[in-house]
Amino acid sequence: MSDASINDLTARIEALEAETERLREQLVQAQIDQWKGRIDDLDVQMHLGALDLRDKLQPVVDQFRSNVADARARLGTAASTADDVLANLRKGFDKAVDDISKAVRQARESVGS
């Protein structure tokens with residue numbers, strides 16, 4: 001083999017190695033971009049899940065606030081109904097906690113799927 005052929009092959013090998021390195025860098029960059037896209041998707045899903053959870057919980061919180069206000073008003077009108085008011089308030093609170101637990105569980109399940 002002549003020196004010119006060897007030099008030509010050496011130059012071609014170096015060019016191929018440089019091209020391979022450039023392609024590796026592009027592949028790594030594409031993989032990084034893909035993971036960034038996945039993270040962005042998860043962020044959007046998390047935000048939508050939070051909005052969905054807030055939409056589910058807001059009526060429960062509002063109802064419980066209403067129950068507390070009603071209990072406060074009923075206590076002001078008749079002290080003899082204090083036990084009834086507290087019992088109703090406890091039932092409302094227990095229902096609110098149950099509703100919140102269900103909403104959180106559903107949100108977790110929807111994020112998991």
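Modeller: Gladly! Let's begin with exposure: a residue is called buried under 20% relative accessible area, exposed over 50%, and partly exposed in between. Keep in mind that this is a predicted model. Take Arg24: its relative accessibility is 52%, so Arg24 counts as exposed.

Colleague: Is Glu21 buried, exposed or partly exposed?

Modeller: Glu21 has 41% relative accessibility, so Glu21 counts as partly exposed. Glu21 and Arg24 also form a salt bridge, with 3.8 Å between the closest N and O atoms.

Colleague: How do I judge such a pair?

Modeller: The general idea is a distance cut-off: a side-chain nitrogen of Lys or Arg has to be within 4 Å of a carboxyl oxygen of Asp or Glu. Then look at where the partners sit. Glu21 and Arg24 are both in helix H1, three residues apart, which is about one turn of the helix.

Colleague: How many salt bridges does this rule give?

Modeller: The count comes to six salt bridges. Among them is the pair Lys95 and Asp99, at 2.9 Å from N to O. These two are four residues apart in helix H2 (residues 82-112), so about one helical turn separates Lys95 and Asp99. Lys95 is exposed, at 52% relative accessibility.

Colleague: What is the N to O distance between Lys102 and Asp98?

Modeller: Their closest N and O atoms are 3.4 Å apart, and the two form a salt bridge. Lys102 and Asp98 lie four residues apart in helix H2, again about one turn. Both are partly exposed: Lys102 has a relative accessible area of 40%, and Asp98 has 35%.

Colleague: And what about the start of the chain?

Modeller: Met1 is in the segment before helix H1 (3-77). With a relative accessible area of 75%, Met1 is exposed.

Colleague: How should I read the overall form?

Modeller: Start with the secondary structure: the chain has two helices and zero strands. The chain has 33 Å, whereas a compact globule of 113 residues would have a value near 13 Å. The C-alpha atoms fill a box of roughly 115 × 20 × 15 Å along the principal axes.

Colleague: What share of the residues counts as buried?

Modeller: Of the 113 residues, 8% count as buried. The accessible surface of the chain is about 9,200 Å², and 57% of that belongs to carbon and sulfur atoms.

How values were computed:
Residues are numbered from 1 along each chain as its sequence is written. This is a predicted model: local features need pLDDT of at least 70, side-chain atom pairs count only at pLDDT 80 or more; totals for chains, interfaces and linings use all residues. Side-chain values use heavy atoms; hydrogens and water are left out. Buried means under 20% relative accessible area, exposed over 50%, partly exposed in between (1.4 Å probe, protein chains only). The radius of gyration is taken over C-alpha atoms; the globule rule is 2.2 Å times the number of residues to the power 0.38. Accessible areas come from the Shrake-Rupley method with a 1.4 Å probe; for residues, only the protein chains shown count as cover.
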